Amino acid sequence: MSSPVKYTLTGNIGVISVDSPPVNALSHAVRQGLLDAITEAQNDASEAVLIICEGRTFFAGADISEFGKPIQDPWLPELLNAIESTDKLVVAAIHGTALGGGFETALASHYRCAVPSAKIGLPEVKLGLLPGAGGTQRTPRLAGIEAALELMTSGVPVAASRAKELGLVDEIVAGDLREGALTYVRKLLDSDAPVRRTSEIDPPKFGDFDALRAAVTRRARGQVAPLAIVDCVEAAATGTFAEGMKVERQKFSELMQGKQSAALRHFFFAERQAAKVDGLAKDTPVRAVDSVGIIGGGTMGGGIAMSFANAGIPVTMIEISDEALERGLSIIERNYAGSVKRGKLTEEKAAQCRALISGSTDYDALADVDMVIEAVFEDPGLKKKIFARLDGVCKKGAILATNTSYQDVDQIAAATSRPEDVIGTHFFSPAHIMKLLEVVRGEKTADDVLATCMQLAKRIRKVPVVSGVCYGFIGNRMLRPYGLQSQLLLLEGATPEQVDGAMEAFGMAMGPLRVFDLAGLDVGYKARQALSDAEKGDPAGYRVLDHLVEADRHGQKSGSGFYIYDEHRKPTPCPEVHKIIEETAAELGFERREIADEEIVDRLTRALYEEGGKIVEEGIAQRSSDIDVVYVYGYGFPAYRGGPMYFGENA
Ligand code: T1G
């Protein structure tokens with residue numbers, strides 16, 4: 001098989017060109033090709049070498065699919081040292097996203113140029129790793145300790161302009177990258193620019209690594225890789241390059257063999273797999289979605305409207321009255337002002353987005369939109385009425401979507417004459433921030449409607465997971481046994497703060513009882529009033545919740561639920577709640593006992609795992625790794641545990 005690496009002489013410049021789709025990952029073939037090319041360049045008439053990639057991006061990193069397999073020479077660190085030690089000028093030409101080992105290859109080059117749209121980053125920490133090909137040693141030498149640590153511990157890429165400010169890129173080239181890069185190389189040669197080896201630059205002096213460790217520990221929340229990165233950067237600041245490389249190699253191999261990296265690598269592929277729908281042809285045509293209507297201007301409707309506007313898609317929001325519409329638009333206004341205040345959006349971008357959102361109380365305003373998303377409260381009858389009305393108003397081919405969290409999408413579709421155009425798009429609150437989108441495929445949902453929504457999810461920066469129709473789809477259905485176990489643990493002897501503390505120490509963003517308080521205890525209470533005792537299920541699952549609501553403890557919104565909340569919504573344990581739990585336990589005949597945190601974590605994670613297994617068996621989820629994606633992006637399950645299904649299989 002021909003090598004993905006080509007080497008040609010262009011005048012006095014040796015050009016190493018790599019073409020290894022989809023992202024020029026540094027696979028064994030690419031590494032071998034680079035070594036052969038740089039070796040050839042040592043001995044030919046070239047005066048300088050240019051490394052450039054074809055396709056969508058410069059190297060996007062080591063080849064993750066090779067991880068866990070025996071390493072084949074040339075080893076990336078050694079290859080990069082060979083590139084750096086070349087006596088001829090080596091220049092990297094960056095476009096797309098130069099990430100991980102890809103950017104480390106650029107760092108081992110003597111100079112770096114990039115097109116304005118390029119990004120560079122060291123996202124290994126998102127895989128539970130650290131830059132293992134000299135990145136922890138070279139980055140601080142160019143960008144300084146703090147900027148290097150931020151890049152490596154956050155894993156967030158930076159734009160080429162920022163990289164230039166940091167000294168990580170030397171030249172921004174306009175126009176065609178190859179032409180611009182060749183011009184830049186000639187400029188270097190004409191100015192007798194020296195061979196500049198990053199490893200030979202003296203590391204910046206820095207003192208307070210303990211303060212840095214404390215800051216990184218707070219942000220790492222149980223992850224081990226960020227602290228290993230601090231160790232490597234400290235070695236870079238206090239010893240020779242060779243000594244630092246030894247520390248990097250040791251820390252990298254410890255992380256690679258660790259549980260967290262295995263889980264994060266699983267999750268990397270799980271997220272990409274979730275975007276694929278089994279049986280749906282890759283070339284399934286998609287419908288144009290260049291305008292959207294939202295029914296309902298509440299918290300969800302407002303957040304959904306923003307998700308589309310932020311992606312440049314005009315939105316028409318429908319409410320039942322001018323007051324309701326005004327209220328809905330003011331929620332959006334408040335959210336944008338908050339994003340600007342937090343520096344998440346510039347005022348200009350916020351104004352552009354706001355301008356894309358208009359409102360009306362007249363359904364006829366939706367006659368020409370490409371898609372409508374209904375986001376009213378969970379009343380099945382009302383939803384059916386709305387869909388029947390949309391059926392009469394919307395143009396042929398418009399996609400009619402419901403944001404329902406639980407209801408039967410097939411029943412809603414049956415209220416229209418076009419069930420093939422109906423689908424569920426379940427957003428998570430706050431909808432303009434949470435990345436998960438459950439795409440609920442109805443029995444009659446057309447393939448092109450499904451394909452359109454899967455593609456649209458990426459456009460509005462959501463992570464789509466396909467679900468079949470059942471009560472609660474994937475995520476919320478799994479919440480029921482999870483919630484039941486949390487209530488049983490309280491009745492059997494644990495306190496709310498012990499249950500939540502154990503799960504938050506495990507890595508959950510929020511323990512189950514704080515989640516109940518956040519959602520509002522009165523929501524479930526109201527829903528239960530409409531159910532028979534048989535429909536309500538085991539009283540142990542809701543009796544404490546009922547008693548709390550009857551004691552006017554509705555959760556965060558009322559200032560008290562399982563906890564007391566101050567004006568910053570900070571939770572404080574409450575002895576009155578302990579008393580309510582103890583009395584309910586006696587009422588239901590529970591013997592109370594000491595419960596260890598391990599049991600709490602085991603029972604709650606097992607509840608998720610077992611329900612998830614049923615969801616896969618019933619075909620509601622395509623694969624168990626999809627459930628991991630749902631729980632990490634929608635419910636704050638720690639990605640470094642892989643997700644509830646991966647954790648259940650590998651704990
Ligand atoms: N290795 C192997 N395959 C990769 C890959 C990689 N690094 N990156 C992407 N792919 C595949 C992906 O599985 C998918 O395959 C296709 O490319 C398109 O990806 C020593 C040890 C580059 C920003 O962490 O962030 O270097 O499903 O759907 O949304 O220090 O991919 O089509 O068959 O994500 O346009 C560090 C990971 C590695 C970058 C493109 N690098 N990749 O996003 O497309 S560790 C990373 C990404 C390392 C060194 C260490 C993104 C992207 P398929 P995609 P995208």
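Where does arginine 569 lie? Arginine 569 is found in the loop between strand S18 (564-565) and strand S19 (571-572). Helices (H or I, at least four residues) and strands (E, at least two) are DSSP runs, numbered from the N terminus.

Before I continue, a word on the basis of the values. This is a predicted model, in which local features need pLDDT of at least 70 and side-chain atom pairs count only at pLDDT 80 or more, while totals for chains, interfaces and linings use all residues. Residues are numbered from 1 along each chain as its sequence is written, and side-chain values use heavy atoms, with hydrogens and water left out.

Let me return to the backbone of arginine 569. Its phi is positive, about 65°, although the residue is not a glycine. Arginine 569 is partly exposed, with a relative accessible area of 46%. Here buried means under 20% relative accessible area, exposed over 50%, and partly exposed in between, with a 1.4 Å probe and protein chains only. Arginine 461 also has a positive phi, about 60°, and is not a glycine. Arginine 461 sits in the loop between helix H17 (447-459) and strand S17 (463-467), and at a relative accessible area of 70% it counts as exposed.

Two peptide bonds deserve mention next. The bond from aspartate 73 to proline 74 is cis, with omega near 0°, and proline 74 belongs to the loop between strand S3 (48-53) and H2. A cis peptide bond also joins serine 429 and proline 430, with omega about -5°. Proline 430 is in the loop between strand S15 (422-427) and S16.

I turn now to helix packing. Helix H13 (residues 322-341) and helix H14 (residues 347-355) pack at an angle of about 160°, with their axes 9 Å apart. Axes are lines fitted to C-alpha atoms, for helices over the stretch in contact, and angles run from 0 to 180 degrees between N-to-C directions. H13 is therefore roughly antiparallel to H14; angles under 35 degrees count as roughly parallel, over 145 as roughly antiparallel, 65 to 115 as roughly perpendicular and the rest as oblique. On the H13 side the contact is made by Glu333, Tyr336 and Val340, and on the H14 side by Glu347, Ala350, Cys353 and Arg354. Contact means heavy atoms within 4.5 Å. These residues divide into 4 nonpolar, no polar and 3 charged, where Ala, Val, Leu, Ile, Met, Phe, Trp, Tyr, Cys and Pro count as nonpolar, Asp, Glu, Lys and Arg as charged, and the others, Gly among them, as polar.

What of H9 and H10? The axes of helix H9 (residues 225-238) and helix H10 (residues 241-256) come within 8 Å and cross at roughly 170°, which means that H9 is roughly antiparallel to H10. Ala225, Ala228, Asp231, Cys232 and Ala235 of H9 meet Gly244, Val247, Glu248, Lys251 and Leu255 of H10. The residues of this contact comprise 6 nonpolar, 1 polar and 3 charged.

Next, the strands. An open sheet of 3 strands runs in the order S5-S7-S8, with mixed pairing; two strands pair if DSSP finds at least two bridges between them. Strand S5 (97-99) and strand S8 (158-159) stand at the edges, each with a single partner strand, so one side of each has no neighbour in the sheet. Strand S7 (residues 119-121) pairs with S8 in the antiparallel sense over 2 bridges, and valine 158 in S8 is the bridge partner of isoleucine 120. Helix H3 (residues 101-108) packs on the sheet and touches S5 and S7, its direction making about 85° with that of S5.

Elsewhere, strand S13 (residues 371-374) and S14 pair in the parallel sense over 4 bridges, with glutamate 374 opposite threonine 402 in S14. From strand S14 (residues 399-402), Ile399 and Ala401 point one way and Leu400 and Thr402 the other way, and all are buried.

I close with two buried residues. Lysine 88, in the loop between helix H2 (76-84) and strand S4 (89-94), counts as buried at 14% relative accessibility. Leaving aside neighbours within four places in sequence, its contacts include Asp44, Glu47 and His110. Glutamine 487 lies in helix H18 (residues 475-492) and is buried, with a relative accessible area of 0%. Not counting residues up to four places away in sequence, glutamine 487 touches several residues, among them Leu513, Phe516 and Phe562.
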